[in-house]
Amino acid sequence: MTFSLAGRCGRTGMLGAAAATSSICVGARCPHARAGTGAVLSQFRTDPRLGARGLELLQAGMLAPDARDALVSGDPAIAWRQLAIVDRTGGTAVFTGEKVAELHAAVEGRQCAAAGNILVRTGVAAAMVAGFEAHPADHLADRLLHALEAGEAAGGERRQVKSAALLVVADHAFPLVDLRVDLDPSPLARLRFLWELYEPQMDRMVTQAVEPANLD
């Protein structure tokens, strides 16, 4: 019940993920990212432990395909899971279990991987990749939003989308961006609105955390 994309910025090394779904709290369950490590999306019958485990495997030095294979081989319920992974080098991997509901799709792009299920059309995943790749000079958060918006424009999910999330990590253990919308009639528009409000304050939020004496 989700369409999503994980991506890496080749200019900055930032990593992140964005997701939208017809159920509540997608940001608490599906996207996972760690600075200098990677980003993992776990969806359909979501198991957040797969995201956490995927990051541990990437942190230990695995690249995306090997981490994907380890997650698949270690989960007896993997037939119900869908995964998208980007590692610290920009390498990618995807997986869709045999019990994931139609229509589903998963597509790897340049330093990005998109996945979706219960879609209007399978081209939604490819549209997300194209949306991400079309703006290489933009901030990673913007590129991830472009991906979600392209997925929605291509048809998105068959059910009404109610929640959306945007997650970006950069240089610290805490996220640079962690924005979530729940139970909204237009969650992607709301998420774009929140990002436009947050972006001018973003660097200040980091400074107050790591160098509070340097705030104006």
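**Entry 1: the hairpin and its sheet**

I began with strand 3 and strand 4, which pair in the antiparallel sense over four bridges. My terms here: helices (H or I, at least four residues) and strands (E, at least two) are DSSP runs, numbered from the N terminus, and two strands pair if DSSP finds at least two bridges between them. I looked up Pro-31 and found that its bridge partner in strand 4 is Leu-41. The hairpin of these two strands has three residues between them, and Gly-36 takes a positive phi near 70° there.

A note on what I am reading: this is a predicted model, where local features need pLDDT of at least 70, side-chain atom pairs count only at pLDDT 80 or more, and totals for chains, interfaces and linings use all residues. Residues are numbered from 1 along each chain as its sequence is written, and side-chain values use heavy atoms, with hydrogens and water left out.

Strand 4 (residues 38-44) is joined to strand 5 (residues 81-87) by seven bridges, and the two run antiparallel. Contact here means heavy atoms within 4.5 Å.

I stopped at Phe-44, which is found in strand 4. Phe-44 has a positive phi of about 70° although it is not a glycine. I also noted a cis peptide bond between Glu-102 and Leu-103, with omega about -20°. Leu-103 lies in the loop between strand 6 and strand 7.

I then turned to an open sheet of six strands, order 7-8-1-2-9-10, with antiparallel pairing. Strand 7 (105-109) and strand 10 (177-181) stand at the edges with a single partner strand each, so one side of each has no neighbour in the sheet. Neighbouring strands here are turned by 5° against each other on average, direction ignored.

Strand 2 (residues 15-21) and strand 9 (residues 163-169) pair in the antiparallel sense over seven bridges, and Thr-21 has Ser-163 as its bridge partner in strand 9. Helix 4 (residues 123-133) packs on the sheet, touching strand 1 (2-8), strand 7 and strand 8 (112-116), at about 35° to strand 1. Helix 5 (residues 140-153) also packs on the sheet, touching strand 1, strand 2, strand 9 and strand 10, and its direction makes about 150° with that of strand 1.

**Entry 2: the whole chain**

Finally I stepped back: the protein chain has seven helices and 10 strands. Its radius of gyration (taken over C-alpha atoms) is 16 Å, close to the 17 Å that the globule rule (2.2 Å times the number of residues to the power 0.38) gives for 216 residues, so the chain is as compact as a globular protein of that length.

How values were computed
Axes fitted to C-alpha atoms, helices over the stretch in contact; angles between N-to-C directions.
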